[in-house]
Amino acid sequence: MHIIDRRLNPGGKSLANRQRFLRRVKDVAQRAVREAARDKDIRDLGKDGNVTVPVDGVREPKLTRNPSTGVQDHILPGNKTYVEGDLIERPPGGGAGGGGGGQAGDGGSDSEDSFRFVLTREEFLELFLEDLELPDLAKRRLAVVETAALRRAGYTVTGSPANLALGRTLRNSLSRRIALKRPKAAEMAALEEEIRALEESDPDAAILDELKAELERVRTRSQRIPYVDPIDLRYRRFEPYPRPVAQAVMFCLMDVSGSMTEHMKDLAKRFYILLHIFLIRRYKHVEIVFIRHTDHAKEVDEETFFGSRETGGTLVSSALIEMKRIIAERYSPEDWNIYAAQASDGDNVSSDGATSQDLLRSAILPACQYFAYLEVGDEGGPRAGFVEHRTTLWRTYEPVAKANSVLAMRKVNHRRDIYPVFRELFARKAGQEAASP
């Protein structure tokens, strides 16, 4: 069977061609979004914006004729130089005339070699975070009413045929037939059998006529009282109701001692913002807890966390103790999905290593879905994924990370490495692999 659809496309556009274009341009648009993210502040990633795509990435191949070869016939206006039969030499270099076709790429990103289109906020984030998935997203318990679902809410006399409640409809039909004393089929069958037996024996005309009249009356009454009447119909009714959804809390821990430069804090800030954008796409209810520490830790607001300056030594266990306290008071692991991200330059008091390890193993990691440690370094350091030397805190966390996949560790020195490291930490199945430098 061959089906030919002759309906007009909406707006004079081909729907099939548009879908084909979107499929073809997706990979190119993803690369363009990631390149734009390098120059775009992470706090603006949730906003819509222009994306530039090279024309070569989406141009459809087509066959064209080479004007410098072959035999061509032209009709030209009269002139004083040539007569019929003269051969006209081709332009030097094989060109086909002016027009500046070879200069199309001289106009930069806004020339004919590229075009721009606007992505909405959802489209931008969808391309930006498409192949990421938080580990252990399914939680043991749900809480915080945020969304609505449908549930059964009785019956109604009108509705869609797909929602017809057969059991309730037949029960109403039976009740109505009993109340109106609708003749049963057995009664009519008994009268017909009695009439047949009377006709085969010595019939009594008066009795036979009476039985036939009774049978006709019963049949008429049965037809007047239908088996299923429109008033018997009942349809299942549904109504929206609040449905619980998973909730998450994001702990941001950062060393703000004197050894942390502004460049290091900026790297940490961008990682936190990117993580928050990712979490709010997976959970309807996300809370953030900011804990900053030197040789002592305290919970602060976002402005203080990123903006206020402090001096002093470094004691990592103080931040872990503060996080443990807050979890015990406000965020039970039975009710909350707990995620934590810690940023530090790797400095810590040597005597604090055993305390930090014990806190991670006994209190922090058992309560967390995921714990990401980001070690930030100077801008002149090596690219992400390479650790030139093991810092004090790295040596403290490394044995814990090898034994527990909830903890992941990476090192970042450059702003351009924030997104690749984030993707590596939160890629699919990342939570199932032990961290490595």
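A: Let us begin with exposure: a residue is called buried under 20% relative accessible area, exposed over 50%, and partly exposed in between, using a 1.4 Å probe and protein chains only. Arg325, at 34% relative accessibility, therefore counts as partly exposed, whereas Glu322 is buried with a relative accessible area of 12%. This is a predicted model, in which local features need pLDDT of at least 70 and side-chain atom pairs count only at pLDDT 80 or more, while totals for chains, interfaces and linings use all residues. Residues are numbered from 1 along each chain as its sequence is written, and side-chain values use heavy atoms, with hydrogens and water left out.

Q: What do the side chains of Arg325 and Glu322 meet in?

A: Side chains of opposite charge can pair when their charged atoms come close. A salt bridge is a side-chain nitrogen of Lys or Arg within 4 Å of a carboxyl oxygen of Asp or Glu, and Arg325 and Glu322 meet in one, at 2.6 Å from N to O. Because they lie 3 residues apart in helix H8, about one helical turn separates them; helices here are DSSP runs of H or I with at least four residues, strands are runs of E with at least two, and both are numbered from the N terminus. Salt bridges that share partners join Glu322, Arg325 and Glu329 into one network.

Q: How many salt bridges does this rule give, and which residue pairs with Asp232?

A: The count comes to 12 salt bridges. One of them joins the side chains of Asp232 and Arg176, with 2.9 Å from N to O. This pair links distant parts of the chain, since Asp232 is in the loop between H5 and S4 and Arg176 is in helix H3 (residues 166–179), 56 residues apart. Asp232 is buried, with a relative accessible area of 2%, and Arg176 also counts as buried, at 11%.

Q: At what angle do helix H8 and helix H9 pack?

A: For such a question, axes are lines fitted to C-alpha atoms, for helices over the stretch in contact, and angles run from 0 to 180 degrees between N-to-C directions. Helix H8 (residues 316–330) and helix H9 (residues 353–367) pack at an angle of about 25 degrees, with their axes 10 Å apart. That makes H8 roughly parallel to H9, given that angles under 35 degrees count as roughly parallel, over 145 as roughly antiparallel, 65 to 115 as roughly perpendicular and the rest as oblique.
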